[in-house]
Amino acid sequence: KTDVKQIYRGSEKFFNQEVIIEGWIRTSRSSKTFGFLELNDGTFFKNLQIVYDDNLINFKEIEKLSISSSIKVKGILVPTPEAKQPFEVKAIEIEVEGNSAQDYPIQKKRHTMEYLRSIAHLRPRTNTYSAVFRTRSVLAYAIHKFFQERGFVYVHTPIITASDAEGAGEMFRLTTLNLDNVPKTDGGKVDFSKDFFGKETNLTVSGQLEAEAYALAYKNVYTFGPTFRAENSNTARHAAEFWMVEPEIAFADLQDNMKLAEDMMKYIISYCLEELPEEMEFFDKFIDNTLLERLENVIKSDFGVLTYTEAIDILKESKEIFQYPAEWGMDLQTEHERYISEKVFKKPVFVINYPKEIKAFYMRLNDDNKTVAAMDLLVPGVGEIIGGSQREERLDLLKQRIIENGMDLEDYWWYLELRKYGGTKHTGYGLGFERAVMYITGINNIRDVIPFPRTVKSAEF
Ligand code: 4AD
Ligand code: MG
């Protein structure tokens, strides 16, 4: 038994040898005495061509198989230097493992992505999604590899939390259906504010606060896990469930943070280009034909840096008509982010030092008392891909910011203690993993880079 990836990567070794392959039929055509199948076995982006003829005892059965039937083929791999594909398998035996019904909903023609979203359980069998989700897997590995090679400790931060890491209130509340575990009020009613854990809990919006605790023990750490946001934004880049990569580094400032983010982006892009040449070429050809040029440029160029104030000035002076005119103090909208990265810089750019009012409570206050040491990385095609900051390490200022934000100091007692016991300057960021997949594949809707996406009013599967 072998697989299609091994054959493509070391084909000479298999030439004129007997091979056994199991996979699904992608296309099938036949005439009276012979037929061709394109087989995909899942291990590789490309199909393997199978030729068979009426020497097969089940020739008639094979000829009638519909798309996506699963089969086992025994045959000889022969080079075909004259043909479109470099080699093919001349079948000796074909065994049917699982028939596919005639109404298989994916045809050879191109389907819209909207349609394929409605069959999320079958779409990984198409070229596009097969490429996207393998890239997603390789990208996840590249991220781990980058941090592990640099000695970062991977911290599994909790999914269920009692604190709001962003202080934005965009959380999904947790309750138990087993009411036996829930305390009752005096009147015998279920007290949901106490619930299973004795207090209100939520799905985490970010692992940052816990990552900070571990950075102040290990110096360099990262998290990589699912996060949840009840944001009511029905856009192509927001999901209710998404994955985030959050490094946190101690004895480091915003400059160090930007350096880490830039190194990471270049590393993970290079890794995908190297490991997935077939998929990347496919994206460039069928999804976005400036992709490869753009990504190769990212690896070569230095990322831009500008302050929020400078960004607002650029937006104000530009001739572009924005839906939301730029004004100091406003949060940058996607249209602004894209204008700056696509039209002005034409490459990834960090925007730093945002007004404190529009950023989270934990960001370090700058000397101007108006802005915080925040950094967002904006990239062409996607907009904000990374959000991060240097953290407020001064206990009194941090307390003040928590109170200003209308939050409860008591909920953050442990977070405050990190400043009390050997606190140091530290910094970190969050990479939206799906946005990174979008960026590297050229896919422009987040629903198409998550196997089973959850967005507002949509959790079909
Ligand atoms: O900018 P955000 O909200 O930052 C944080 O959560 C910090 N705690 C990160 C840190 O400093 N450790 O989110 C970080 C990134 C965004 O830049 C974006 O790429 C992604 O997470 N993101 C989302 N991706 C998909 N759907 C959503 N609803 C997202 N919200 C944020
Ligand atoms: Mg952000």
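Helices and strands are DSSP runs, numbered from the N terminus. The model discussed here is predicted.

Q: Which residues does the UniProt domain annotation cover, and how far apart are the end C-alpha atoms of that span?
A: The unreviewed UniProt entry carries the annotation "domain: Aminoacyl-transfer RNA synthetases class-II family profile", which covers residues 133–451. In the model, this span is 37% helix and 20% strand. The distance between the end C-alpha atoms of residues 133–451 is 7 Å.

Q: Are helix 10 and helix 11 roughly parallel or roughly perpendicular to each other?
A: Helix 10 spans residues 308–317 and helix 11 spans residues 334–345, and their axes lie 11 Å apart. The two pack at an angle of about 80°, and angles of 65 to 115 degrees count as roughly perpendicular. Helix 10 and helix 11 are therefore roughly perpendicular.

Q: Are helix 8 and helix 9 oblique or roughly perpendicular to each other?
A: Helix 8 (residues 277–286) packs with helix 9 (residues 291–300) at an angle of about 120°, their axes being 8 Å apart. Met280, Glu281, Phe283 and Asp284 of helix 8 make the contact with Leu291, Leu292 and Leu295 of helix 9. That contact divides into five nonpolar, no polar and two charged residues. Because the range for roughly perpendicular is 65 to 115 degrees, helix 8 and helix 9 are classed as oblique.

Q: What is the volume of the largest cavity?
A: A search of the whole structure finds one cavity of 30 Å³ or more. Its lining consists of Arg229, Glu231, Ser233, His238, Ala239, Ala240, Thr455 and Val456, with three nonpolar, three polar and two charged residues. The volume of the largest cavity is about 50 Å³.

Q: Which element gives the most to the lining of the second largest pocket?
A: The second largest pocket holds about 1,100 Å³ of space. It is lined by 42 residues, with Arg229, Glu231, His238, Lys359 and Glu384 nearest its centre; by class, the lining has 17 nonpolar, eleven polar and 14 charged residues. Elements that each supply at least two lining residues include strand 11 (241–250), helix 11 and helix 14 (433–441). The element giving the most, with five residues, is strand 15.

Key:
Residues are numbered from 1 along each chain as its sequence is written. Chains are lettered from A and ligands numbered from 1 in the order in which they are written. This is a predicted model: local features need pLDDT of at least 70, side-chain atom pairs count only at pLDDT 80 or more; totals for chains, interfaces and linings use all residues. Side-chain values use heavy atoms; hydrogens and water are left out. UniProt positions are given in the numbering used here, feature names are shortened, and annotations may be inferred rather than shown by experiment. Helices (H or I, at least four residues) and strands (E, at least two) are DSSP runs, numbered from the N terminus. On a 1 Å grid over the protein atoms alone, a cavity is a set of points where a 1.4 Å probe fits but cannot get out, and a pocket is an open set with protein on both sides within 12 Å along at least five of seven lines; lining residues have an atom within 4 Å of a point. Grid points are joined across faces, edges and corners, and a volume is the space filled by probe spheres set on the points. Ala, Val, Leu, Ile, Met, Phe, Trp, Tyr, Cys and Pro count as nonpolar, Asp, Glu, Lys and Arg as charged, and the others, Gly among them, as polar. Axes are lines fitted to C-alpha atoms, for helices over the stretch in contact, and angles run from 0 to 180 degrees between N-to-C directions. Angles under 35 degrees count as roughly parallel, over 145 as roughly antiparallel, 65 to 115 as roughly perpendicular and the rest as oblique. Contact means heavy atoms within 4.5 Å.
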